[in-house]
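Please read them with the structure open.

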Amino acid sequence: MPVATLLPFTATPNRKSASPTSFRLTEKFILLLVFSAFITLCFGAIFFLPDSSKLLSGVFFHSSAVETNTGAENSDSGSAGNNDERVLAKIRKDHEKALLEAKDTLQKRPDEIKQDIINEKEKVAKENSVAGQGGNDVNKLPFVEYHRLPGSTGHEPSDPETKERRAKVKEMMKHAWGSYRRYAWGANELRPVSKQGHSSNLFGSIKGATIVDALDTLYIMEMYEDFDVATDWVEKNLDFNVNAEVSVFEVNIRFVGGLLSAYYLSGKEVFRRKAVELGEKLLPAFKTNTGIPWALLNLKSGVGRNWPWASGGSSILAEYGTLHLEFMHLSKLSGNPEFAQKVMNIRKVLNRLDKPQGLYPNYLNPNSGQWGQHHVSVGGLGDSFYEYLLKAWLMSDRTDEEAKKMYYDSLQAIETNLIRKSSSGLTYIAEWKGGLLEHKMGHLTCFAGGMIALGADGAPSDKTGHQMEQAAEITRTCHESYARTGLKLGPEAFRFDGGVEAIATRQNEKYFILRPEVVETYLYMWRFTHDPKYREWGWEVVQALEQHCRVEGGYSGVRDVYASTPNHDDVQQSFYLAETLKYLYLLFSEDDHLPFDHWVFNTEAHPLPVIKKDKTDTPNEVE
Ligand code: DMJ
């Protein structure tokens, strides 16, 4: 390169007369050396001084921000020296601010940092959509501002024994989750004895039921690293584009419920997006004459049908009646009223029908709108319908009067027709078959102790005490069903006839599959009474689980609770992590961890926030 081209700045009036050729070679060399040193110095200053980008913009490119500031400072002082000092002071201040921000970032948990990034992205996405440049998946959903809700995380109990017991339950979760991660990662469930994945046809070919069901338990127990791994799996692998038939109820309570809770606890957008995406895929299930949904749905074709065994092609009360909580939240988070409309219509259909003795039969034909067999149960096929009536009212911040009335009326009919006392004084809830009672109570029915306790304070004042007593009696009966076995775990169903009380008499009712209903009721009874026996009873369950269900590869159900040694069924159900361990952990936690006045638990123990009527405590408001 000719030296002349390197020396434009030397152009002076003299330059015309002084030809470049008049420099000697050594002079040229020295000049070149000085010039390169100067250039190096400039670049050094730009790139190595702190906050060099500000220098670049402020000094070289005169960004408006710096100009404005400097302008204001100039008008104050008017002196060039002061101005330099001020520019330097500003650089120092910016540098300190950057350091503080970095320190703040270092103190945050990884999921909080990720959340900051997501929030920032959302902000940009929102601005883009306002500017008409949106169009990606996130932009299909309205912007909602996330606020952490009271009691999302807990603290250690002050009582040392309770603290130890709580830590023990967390250790159990680590074993259950760790084993699933090791042997069955991505499968729906774990086979803990044969150490491999287990699939159930309830979820079609959707994968990862244990991951989604366990998300909120991991969060609640502060297992944040595992929560992040699970989140990552959801982001990359949870796929609802499957050409397979699923159970609408199971997919709703475990997947939609699990995703919603994970969203409300962590604020991570991916969960909101996935929940709404799945909810939309479930909507074709409502295409029936009445709008009562099918039990089974092919997620790709949108074709639905009912269980072939269900009386007269009926839909099942506990299935179509257990969508309400999740669908109300889906409308809230998506801005799409269709979800809420679908579940409100279910009530309309039910309210038009005559109810035998005020009871709701388990079977209803979705096309004719007529009841099937007049079987009534607060256990399997009926259970969570009643639970969702009460919780719909509670989740609406006690504004949903229709749900309230339906709950208390149905409870009254249950009390009159189904609740009985054994000769030794054990209160139980029987099953009703066309007016005849079957004196049998399922493990599933044991959730009712907790439900009745939860609803007791909303009952007419003369009934509150009575309902609390009834809840306590049912809880005692369920405890007896555990205490009267060899393994101290409860059978699938127990009877009050043929001279037995709270004991299973049929071989096919003697199994225990890690179900939660009894410990669920212990938690509610503990929260409402603080009677220490409920924590003791919960601890008995922990010990029995450890002794008979824990195996090297996780936790397994057992085939006969009356045997002296366990015969394992080799399945770790996803609800063991979603419900059983969560309820046990909360039983040994303080009441302000997921307090009932802010949260309701869906039937799979996924906490959903109460939608506060004054909106002061609402996590997200769709504008
Ligand atoms: C869970 O999936 C839910 O609690 C449901 O309502 C009924 N039963 C199982 C666990 O037993």
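1. A term first. Helices (H or I, at least four residues) and strands (E, at least two) are DSSP runs, numbered from the N terminus. The model is a predicted one.

2. Start with the largest pocket. Its volume is about 1100 Å³. The lining takes in 48 residues, and Gly 380, Leu 381, Leu 444, Glu 492 and Arg 515 are the closest to the pocket centre.

3. Which elements each supply at least two residues of that lining? The helices are H10, H12, H15, H19 (517-529) and H21 (574-587). The strands are E8 (375-376), E11 (431-433) and E13 (440-442). H10 gives the largest share, 4 residues.

4. The largest cavity holds about 100 Å³ of space. It is lined by 13 residues, and Gly 321, His 324, Val 343, Ile 346 and Arg 347 lie nearest its centre. Helix H14 (338-352) and helix H15 (383-395) are the elements that give two or more residues to this lining. By class, the lining has 10 nonpolar, 2 polar and 1 charged residues.

5. The second largest cavity has about 50 Å³ of space. Its lining includes Val 248, Phe 249, Pro 293, Trp 294 and Ala 295. Asn 306, Ser 315, Ile 316, Glu 319, Tyr 320 and Leu 323 also line this cavity. At least two lining residues come from each of helix H10 (248-266), strand E6 (315-316) and helix H12 (317-320). The class count is 8 nonpolar, 2 polar and 1 charged.

6. How do H15 and H17 (residues 447-456) pack? Their axes come within 11 Å and cross at roughly 25°. Angles under 35 degrees count as roughly parallel, so H15 and H17 are roughly parallel to each other. H15 passes H17 in a left-handed crossing.

7. Who makes that contact? From H15 come Asp 383, Tyr 386, Glu 387, Leu 390, Lys 391 and Leu 394. From H17 come Phe 447, Met 451, Leu 454 and Gly 455. By class, the contact of H15 with H17 has 6 nonpolar, 1 polar and 3 charged residues.

Note on methods. Residues numbered from 1 in each chain as written. Predicted model: local features only at pLDDT ≥ 70, side-chain atom pairs only at ≥ 80, totals over all residues. Heavy atoms only, no water. 1 Å grid on protein atoms, 1.4 Å probe; cavity = no way out; pocket = protein on both sides within 12 Å on 5 of 7 lines; lining within 4 Å. Points joined across faces, edges and corners; volume = space filled by probe spheres on them. Nonpolar A, V, L, I, M, F, W, Y, C, P; charged D, E, K, R; others polar. Axes fitted to C-alpha atoms, helices over the stretch in contact; angles between N-to-C directions. Parallel < 35°, antiparallel > 145°, perpendicular 65-115°, else oblique. Left-handed = near helix turned anticlockwise from the far one by under 90°. Contact = heavy atoms within 4.5 Å.
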